[in-house]
Structure formats: C-alpha cells, structure tokens
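Take a look at the sequence and the structure first.

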Amino acid sequence: MGLASRADSLHALGEREFDLLVIGGGIIGAGIAAAASHQGLAVALVDRSDFGGATSSSSSKLIHGGLRYLRLGDVRLVREAHEERRHLMTLVAPHLVHQIPFMMPLYEQGPYRPWVVQSGIAIYSTLARARLNGLVEPARARRMVPDLRLEGLRKCGLYVDCWTNDSRLTLANVRAVAEQGGTVVNYAEVAALRLERGAVRGAEVRADGATIPVSARAVVNASGPWLDSVRLLEDPRAGRSIRLSKGVHVLLEPAGGWSAALTIPHDKVRVSFAVPWQGMLLLGTTDSLWEGDPASVGVEEGEIEQVLAEAAVALRPQLVARERVRSSYAGLRVLPGGAGSTTSARRETVYSRGKGGMLSVAGGKLTTYRRIALDALGELRAELGLHRIDRRPWPLPGATGLDRMRLPLEVEPALRSHLRQLYGSLAGEVLAPVLDDARLLEPLARGAPDIAAQALYAARSEWARSAEDVLRRRTTLALRGLGGAELTRRVDELIGLRAQPALVGRDHT
C-alpha cells in the first residue's frame, strides 16, 4: 500500500487533531502508537532521530522469558514474557521471531550445581509451555555447539527461547501505525510541550528546519534514555526518575554447525549470551551504570575484551580471538531510579504522570513491549475515551501469508529466505522495482545477502533518511562490519533515487 510522503506527514502533523502524540519511536513508543492505532485512535509518532535509533536497535536481540529473572524472584515477569513470546512467534511477527534451543554450560568451578539448574529450567519451561528442557551430557552439547569448551564441563541445562531482529520489529510497529492512518515522522524533535489550562495538549516539534505545532488530547513520553529530558519540558523542577545501564555486544565471524545458543553464567546473577544471528555469532552483554549523555554512548576496547573473555569461559579461545570481531555496538537500558547494582535491578516498567498529565513510560523489556503498550493505553483510558481495550494479539505488517508468499520474480533460495526473515510477506514489495531495473538485484556488498533493492525500499517505504539508517537498522550490513566509504556512497545514491523509477548503474564493493 502507499504510505504518506515525508512532506505530507509533516503537513499532517500541523493540521490534524490527534487523540494521542507519542514521543519516542523505539519499540515501546512504536508499540504504544501501534496499539492506539489498532484501537481506532488518531495517532502521531515522532522521534528525535531514527526509529529504533538507540536502545531498540542495540539490544541482545532476544525474545525470551529471562531465565535469570527466576533467580531474582520475578516469576510474574517471566510468566508474562513467555506469554508474549508465544504471541510474537506464532501470530504477531513469526517472520521476525525464531525459536532456538539454549544451553547453559555448567562447569566444575561455576556458580551453579546441575540439580539447581535442572529445577530452575523445569519451572521456566513449565511457564513457557515448552517440552524441550532438562540436562544434557557434554558429548551431546558439543554436537549442538561444536565450539563448546569441554574441560571441566559437568552437564548443560537445556531450554528454549527466541532470537529476533530488534530494529525490524520496531519498524514493523511503525509501519502498522502508518497503515492504520497514523502520522509517523523520524528526525523530528520535541522542542516544547503545548499547555492548555495547565494540561499537556501536544507539542512543538522541530523537523526539516521548521517548528510544527502538534495538537493532541494526550501525550506519551516513551523517549527511552531521554525520558527525563522530556519530563523537564513539562516541569523544569522534575527530578531524575531513571538510571541507565550500558550494554555492549560483539558480533564475530560465522561459526559453523551451531544448532543452539549459549547462556553462560558468570555468578549468581549475571549471565552472557552467545547466539547464532544472521550467519554470525552475537556475544554479550556487559552491564554497567551510564551517567553521561545518551547520545555519546559508544564501545571501548576494554569492553570488547570483556565480552570476548566472558564468552571464552565456555568457548574455544580461537573462536573468540580479537581478529574475528566483525562489529560491536553499545546500547542503554532504561531502569527505574534507585540505588544498588544495575545488574540486580528489576526490569520493571514504571508509568508516571507529570503535573500537566503527560504519561511517561520507563523501563521494560523488548519481549513484553506489546503488554507495556496496552497497559499504557489503560493509563489513558479516561483522556482517550476508551471504554474497552482489545488486548488480543494481532499480526504486524508482513506477518500474514508467509506460507504462500509470492515474489514478482524467482530468486535464489538464500535470498528468498533472507528477505522473508526481514520483511515477511512484504518481500514482494521490496523486489517489485527489480522488474524495471535488474541491477537492483545485485548485492550491496560482497559476502552479504542484502541487495540494492532493499536500500531503495528503505528510503521509499521505511523512512530511511541516511546511509546509516539503511546500513544499521534496515539491513544487516553494518552489523556485518560492512560500512566503508564506497558502500556508504552507493547507498546514498540509492536513497537519492527514492522518487525516481530506476537505479543509475554503479560498481559495488
């Protein structure tokens, strides 16, 4: 279907009367906007940078119950997360959420004894309604993870969880808003809130050199690490309400033969992961307090070394050598304010109201974003006139018709699978321009599955404004360590063709 152009969306921002304005286009904000649109509300969604440009593209890329949360005593969170995991992988986004076995290696000097883990996994799997669980012998574990270190290994705990593409899950929710008539604009920063008789009734939004007045009956602040900055626009005396925890991840060269992921325990609370992801191996994460500017967060060499060293607890040293690193990234988790270690902090969601009535949503998990969104609407029932909120799961764009997905032309099975994992049944839209210009079928970079048509589609139908938007959040290229000057130039040219019918031929890296 046709989506509104940026010019039309900016015009609509200033002309429409919205029921709800959502500030922040990460997974929580996009999820709230999608849920509100699904309830029939007129919704505007804005973000200061790109959709999913911060935390929501820098997660561990897992949809999981959170085995370690059982250790922290949060059974309710685990139960809710498992319920959402089932919804996501079966109905909401089955093309983006994929089940995989996880193993927890239990070494002689490790923090857990096998019987303790067996008991925990039994409870976890009961909550997950999963049959695959228990303890496996080292020989079987090595067949599932060929690079597993066997020295001192007693057994491995076995259970099931899921991996995802967090950036594309966020984009799918943004697309859902747009398809249901909502107005979505990235690179649109809230400069001020609009007040009527002391109540927040919209915002002044800066975008493309202009300031646009946006009117809305209710406003949600879902700006993640910038939550308190937006709260200060409502009340200059508002205190700090959140803490930020920095997490670093590393992606390695492909590791062949893996049919399971690893959860590696480091003490009674902390674990790290090693997950096969898009043909690579994703390692992480660190967990440390961040008190700087959220926009300046980055990866330090010492943090890469920490991630590799922690992975080496359970993996062959050759696999986690520094020269095998393809890319790394850092993200910020939003935690409720308080004292103590960020590692042991509860991953709960806090809903708070400012003196002007703006609802701020802090914290939460990627897995439970849909539940968080529906609960946020529940907080706004009176303002929005919602007598009943439909909490049933519904499919995101691209989630239906996967078993009968048709493409406008035949492509190699590997490319078909890649496009299906990123776009689901919308893959045909991505390939449609190839009928007019076969050069759009060419890979954007050698050794990577992403093709030129994806960059064009990102600009025309997914709000990409820069090469970084395409390389980092619409494709898998940046995470593969591919983002050099030549590739960036080529993507810039494709983005420049967003309104044109065909591609000007260029060599590619």
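In which loop is threonine 285 found? Threonine 285 sits in the loop between β14 (280–284) and β15 (288–290). Helices (H or I, at least four residues) and strands (E, at least two) are DSSP runs, numbered from the N terminus. The peptide bond from glycine 284 to threonine 285 is cis, with omega near 15°.

Some ground rules before going on. This is a predicted model, where local features need pLDDT of at least 70, side-chain atom pairs count only at pLDDT 80 or more, and totals for chains, interfaces and linings use all residues. Residues are numbered from 1 along each chain as its sequence is written, and side-chain values use heavy atoms, with hydrogens and water left out.

Most residues other than glycine have a negative phi, and most peptide bonds are trans. Two arginines have a positive phi instead: about 55° for arginine 129 and near 50° for arginine 197. Arginine 129 is in the loop between α5 and β5 (134–136), while arginine 197 is in the loop between β8 (189–196) and β9 (199–207). For burial, the cut-offs on relative accessible area are under 20% for buried, over 50% for exposed and partly exposed in between (1.4 Å probe, protein chains only). Arginine 129 is exposed at 67%, and arginine 197 is exposed too, at 89%.

**Two buried strand residues**

Asparagine 221 belongs to strand β10 (residues 210–221) and is buried, with a relative accessible area of 0%. Its side chain makes a polar contact with the side chain of serine 360 (3.1 Å). A polar contact here is a pair of N or O atoms within 3.5 Å; within protein, one must be able to donate a hydrogen and the other to accept it, and residues adjacent in sequence count only if both atoms are side-chain atoms. Not counting residues up to four places away in sequence, asparagine 221 touches several others, among them Ile23, Leu227, Met358 and Ser360. Contact means heavy atoms within 4.5 Å.

Alanine 199 lies in strand β9 and counts as buried at 15% relative accessibility. Leaving aside neighbours within four places in sequence, alanine 199 is in contact with Arg194 and Gly356. Alanine 199 and lysine 155 are 44 residues apart in sequence and 59 Å apart in space, C-alpha to C-alpha.

**Helix packing**

Two packed helices are described by the angle between their axes and the distance between the axes. Axes are lines fitted to C-alpha atoms, for helices over the stretch in contact, and angles run from 0 to 180 degrees between N-to-C directions.

| Helix pair | Angle | Axis distance |
|---|---|---|
| α4 (residues 75–92) and α5 (residues 114–128) | about 45° | 8 Å |
| α2 (residues 27–38) and α10 (residues 369–379) | roughly 60° | within 8 Å |

The angle makes α2 oblique to α10, and α4 and α5 are oblique to each other as well. Under 35 degrees counts as roughly parallel, over 145 as roughly antiparallel, 65 to 115 as roughly perpendicular, and the rest as oblique.

Who meets whom? In α4, the residues include Val75, His82 and Arg86, which meet Tyr124, Leu127 and Ala128 in α5. By class, that contact has five nonpolar, one polar and three charged residues. On the other pair, α2 residues including Ile28, Gly31 and Ala35 meet α10 residues including Tyr369, Ile372 and Leu377. This contact of α2 with α10 has eleven nonpolar, one polar and no charged residues. The classes are Ala, Val, Leu, Ile, Met, Phe, Trp, Tyr, Cys and Pro as nonpolar, Asp, Glu, Lys and Arg as charged, and the others, Gly among them, as polar.
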